[in-house]
Amino acid sequence: MTTSRTVSSKQFSKSEQADKVLGLWFFIGAEIVLFGCLFGVYLTLNGQTRAGESPEQLFELKEIILSTFVLLSSSFTCAQALIGATQGQFNKTISFLIGTLLLALIFLGLEVHEFYSYVRDGHTFTSSPFMSSFYVLVGTHGMHVLVGCLWMIVLLVHLGKEKVSSYTSTKLEVFSLYWHFVDVVWVFIFTIVYLIGKAVVL
Amino acid sequence: MTFTFFDTKIKMMSDIIVADLSILIMGIAVAILLTYYKKWRSLWKWLKSTHHSKVGIMYLTAGFAFFLRGGLDALIMRVQLALPQNEFWVFQGDKYNQMMTTHGTTMIFFVAMPLLIGLMNVAIPWQIGARDLAFPYLNAMSFWLFLAGGILVNISFVLGGSPTAGWTSYAPLALEKFAPGPGNDYYTLGLQVSGIGTLLTAINFLVTIINKRAPGMTFMRMPLFPWSTLVTSILILFAFPALTVALLLLMFDRLYGTNFLAADAGNSLIWQHLFWIFGHPEVYILVLPAFGIFSDVISTFSRKRVFGYSSMVISLMLIGFLGFMVWVHHMFTVGLGPTSNAIFAISTMSIAVPTGIKIFNWLFTIRGGVIQMRTAMLFALGFIPTFVIGGVTGVMLATVPADYQFHDSYFVVGHFHYVIIGGTILGIFAGIYYWWPKMFGFKLNEVLGKWHFWTFLIGFHITFFPMHIMGLKGMPRRVYTYLPEDGLAGLNMVSTIGAFMMAAGMMIFLWNLYYSARHSERSVGKDPWDGRTLEWTIPSPPPEYNFARIPKVRGIDPLWQAKTYTNGEIEAAEPLGEIEMPLSTVKPVLMSGALTIASFGFIFHVLVFQIVGITGVALLLVARSFQDTGSQSIKPPYDEDESIGGEKE
C-alpha cells in the first residue's frame with residue numbers, strides 16, 4: 001500500500017521554475033503569431049478609410065511618442081525589479097515594481113485618451129475597415145497592458161506576503177518576460193501603425 | 001410551437017423535439033446508472049483530477065461521445081443523399097447545412113483532436129519516463145475548455161440552430177447578412193474556447209517533452225510517438241493563433257457590425273488566408289501523432305527496431321515545416337495568379353517526399369520482422385494502403401489546372417476522408433487497442449477487434465471510394481440533393497451502404513469495450529505485447545506516480561535492450577523515496593463553466609452573462625495564483641527488488 005500526505009509550502013523547485021519560464025517562452029511564440037496576423041489584417045485594411053480619417057490626418061505623434069517613452073521606461077523599471085529580486089533586495093524589487101505599474105497605468109490612460117478623442121470625432125470601431133483593424137490591433141495590445149497591470153497587482157500582494165523567495169522571484173521572472181514582450185510589440189505598433197502612417201504624407 | 005430563448009425564436013419542430021428528448025433520456029439514464037452503482041463520488045473525483053492518465057481518459061471518453069454525434073450527422077447526410085431528390089425527414093436546405101457543418105466541425109475539433117490529445121496525455125509521460133506533465137493543472141484546464149467548446153457547438157442544434165456555413169465557415173457566407181441567427185456565433189465562440197485549450201495543451205507537451213524526459217533519454221532516443229507529439233505541439237503553437245484572430249474578426253463582424261470580412265467593405269480573403277494558415281497545419285496536427293502511433297505499433301508487432309529512426313525524425317520535422325508553406329493550395333481557384341499557384345503547388349507536392357520516406361520506413365520495418373497480427377497491427381497495416389491512396393489524390397489536387405476541375409467537388413470529400421480517417425482515425429484505433437491494457441489492466445477482445453477492423457475498413461472504402469468518381473462526374477460538395485438524370489444515384493446509394501457498415505463497425509467496437517470489461521482476463525502483467533519502450537516496464541494500470549523510481553535510459557527501445565542483453569530489468573536513476581504529486585482541484589471545471597457563461601452572453605447578446613463570465617475567469621486566475629504550490633507526498637511501498645517499479649507483482 002502507498003501512503004500519502006498533503007504538503008503545502010510556498011516554494012517552487014528548480015525544475016518547476018525551469019518549466020514555468022520555458023512555458024512562457026512558448027506562450028510568447030504563440031503571441032508573436034497572434035500579433036503577426038493582426039498586423040497583416042491592419043496592413044491589408046488600412047487603405048479603406050472614410051473621408052478625414054486617413055492615418056496621417058488622424059494620428060498625433062506627440063502624444064504617441066510620450067506614451068512610447070512611458071512604456072519603454074516601464075521595461076527598464078521591470079528589469080530593475082527583477083535584478084532586485086535576484087539580489088534578494090525586497091525594497092528595490094517592490095519599489096521598481098510599483099514604478100512599473102504606475103508607468104503602465106499612465107500608458108493606459110494615454111491610450112484611453114487617444115481612443116476617446118477619435119471616438120469623439122466620430123471615428124468609431126465600426127466606422128471603416130481601417131478604424132476597425134486599428135482598434136483591434138492597438139486594442140489587443142492595450143488589453144495585454146491591462147492584463148499586465150492586474151498581474152502586477154497580484155504580484156505585489158504575493159511580494160507583500162512572501163517577501164523575496166524562489167516562489168516570488170520565479171513569478172516575477174515569468175511576468176517580466178511577458179512585460180518585455182508587450183513592450184516589443186509596442187515598438188512594432190509605433191513603427192508600423194504610427195510612424196509609417198505619418199510618413200505616407202511625406 | 002415556438003418559444004423564445006433570450007430574444008431568439010426556437011421552433012419546436014419534430015427533429016428538435018427528438019433531440020431534446022434524447023438529451024433528456026440520456027441524462028436521466030446516466031443519473032440513474034450513477035446512483036445505482038453509487039458512482040457519484042468517484043465521478044466527482046474524476047472531475048477534480050489533474051492526473052495525466054485520468055485527464056487523458058476523460059479526453060478519450062468525451063471524444064468518443066462527440067464521435068457518435070458526428071457519426072449520426074454523417075448517417076443523416078448519407079440517408080438524405082442516398083436517392084436523387086430524396087426528402088428524408090427535415091434534412092433539406094438549411095437543416096442539411098446544419099448537419100454537414102456540425103459533422104465537419106465536430107469531427108475535426110471535437111473528435112480527431114481530443115482523441116489524439118487523449119492518447120498523448122495517457123502515453124507520453126509513460127513513454128518518456130515522467131510522473132506527469134509539466135503543468136497538470138493547465139492540462140485539466142485544457143480538457144475542460146475543449147469540453148466547453150464542444151458542448152457549445154453541439155448544444156446549438158436545440159438552442160437556436162447550428163452553424164450553417166461549413167466547417168471552413170467562409171466569409172461573407174458566414175456573416176450576419178447570409179447566416180442570421182445564433183448558429184455561427186456558436187461556431188466562433190465554441191472554437192475560440194476550445195482553441196485556447198488546445199494551445200495550452202501544446203505548451204504543456206512542449207515543456208513536458210523538453211524538460212521531463214528520464215535521465216539518459218536524449219532526443220534521439222525518444223520513441224517516435226513523443227517525437228511526433230513534439231512536432232505536432234509546435235504546429236499547434238504557431239497555427240492556432242491564426243484561427244484565434246480569424247474567429248475574433250468573424251465574431252466582431254457578426255456581433256458588433258464591423259467590416260473586416262464583408263465583400264463590399266473589408267476583405268473576404270483575410271478569412272481564407274487566416275483560416276488556411278491555421279487549417280493546413282491543422283491537417284498535419286491531425287496526422288503526425290497518428291504517424292507516431294503507427295511507428296510504435298508496427299515496431300512492437302514486427303519485433304524490430306523501427307527502420308531508419310533518424311530519417312523518421314527528420315521527415316516529421318520536414319512535414320511540420322512544409323505544413324506551414326502550403327496553405328494557398330486550398331485557394332487555387334481564388335485567382336491569386338499563376339506564380340503563387342505554381343509556388344504553392346510545388347511546395348505541396350514536395351510534402352509527398354518526407355511522407356513517402358515514412359511509408360517506406362514502415363514497410364522496411366515490417367520486412368524481415370516477426371509479425372504478429374494483433375488488432376492494433378491490423379489497423380496499422382490497413383492504414384498504409386489507405387493513406388497512400390489519400391496521398392495520391394492529394395498530389396492530384398495539388399496540380400493546379402486539374403484542381404480547377406476537382407475544387408469543391410466530391411473528389412475533395414473523398415480525398416480528405418481518405419487521409420483523415422485512413423490516417424488519424426485508424427491511428428487512434430491502433431493506439432487504443434495498443435495502450436488499452438496499460439490503461440485499464442485488461443486487453444480488448446481480439447476476435448471482436450478483428451470484426452471491428454474489417455467492417456470499419458471495408459465500410460470505409462465502400463463509402464469514400466465512390467466519392468472520387470462522383471466528384472469527377474461533377475457532384476459538388478455541400479449539396480443536399482441531385483437529379484435522377486445526373487447519373488449519381490447508384491454511387492450515392494453504395495456510399496450510403498458503406499456508411500452504415502462503418503456504423504456497424506463502431507457498434508462492434510462499443511460492444512467490445514463492454515464485453516472485454518466484463519469477460520477479459522484481468523492479470524495482463526506489465527508487458528502484454530512484448531513491448532520495447534518504457535511504458536511496458538510499469539504495472540498495468542500504473543500507480544499514480546507511474547514510476548516508483550525514475551528509470552535510467554541507455555538507448556532506443558530500452559526495454560527491448562534490457563530483455564535482449566540483460567535480465568530484462570531497467571536500472572533506476574534514483575533511490576526509492578517520497579514522491580510529490582499534484583493535488584486535485586475543481587478550479588478548471590469552474591473556469592470552463594465561467595467561459596461557457598460568457599460565451600452564452602456573447603451568443604445571445606446578454607451583457608450580464610458576459611460580465612459575470614469574464615469576471616469569474618479573472619477571479620479564478622487570481623485564486624489559482626495564490627494556490628499554486630501544495631502537493632501530495634506519496635511513499636511507494638518498499639521493495640528489495642532493484643527494478644524501477646516499487647511494487648512487486
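This is a predicted model: local features need pLDDT of at least 70, side-chain atom pairs count only at pLDDT 80 or more; totals for chains, interfaces and linings use all residues.
Let's start with the whole chain. Chain B has 19 helices and four strands. Its radius of gyration comes out at 25 Å, close to the 26 Å that the globule rule gives for 649 residues, so chain B is as compact as a globular protein of that length. Of the 649 residues in chain B, 54% are buried. The chain also folds back on itself a lot: take the contacts with a separation of 6 or more, and 80% of them join residues 24 or more positions apart.

Now for the inside. The largest nonpolar core has 233 residues, and B:Ala246 and B:Ala430 are the ones that touch the most other members. As for who supplies this core, H7(B) gives the largest share, with 21 residues. Look at B:Ala246 in your viewer and, leaving aside residues up to four places away in sequence, you'll find that it touches B:Trp271, B:Leu274, B:Phe275 and B:Phe278.

Next, turn to where the two chains meet. Chain B puts 39 residues into the contact, and chain A puts in 34. On the chain B side, the elements that give two or more residues are H6, helix H7 (224-256), helix H8 (269-302), helix H19 (607-626) and strand S4 (631-635). Here H7(B) turns up again, with the largest share of that side at eight residues. Sort the chain B residues of this contact by type and you get 24 nonpolar, 13 polar and two charged.

Finally, let's zoom in on B:Ser156. You'll find this serine in the loop between helix H5 (136-155) and helix H6 (183-211) of chain B. Is B:Ser156 buried or exposed? The cut-off for buried is 20 or more other C-beta atoms within 10 Å, and B:Ser156 has 26 such neighbours, so it counts as buried. Not counting residues up to four places away in sequence, B:Ser156 touches B:Gly161, B:Ser162, B:Pro163, B:Gly183 and B:Tyr186.

Technical notes: Residues are numbered from 1 along each chain as its sequence is written. Chains are lettered from A and ligands numbered from 1 in the order in which they are written. A residue is buried if 20 or more other C-beta atoms lie within 10 Å of its own, exposed if 12 or fewer, and partly exposed in between; C-beta atoms are placed from the backbone. Two residues are in contact if their C-beta atoms, placed from the backbone, lie within 7 Å. Ala, Val, Leu, Ile, Met, Phe, Trp, Tyr, Cys and Pro count as nonpolar, Asp, Glu, Lys and Arg as charged, and the others, Gly among them, as polar. A nonpolar core is a set of buried Ala, Val, Leu, Ile, Met, Phe, Trp, Tyr and Cys residues joined through C-beta atoms within 7 Å. The radius of gyration is taken over C-alpha atoms; the globule rule is 2.2 Å times the number of residues to the power 0.38.
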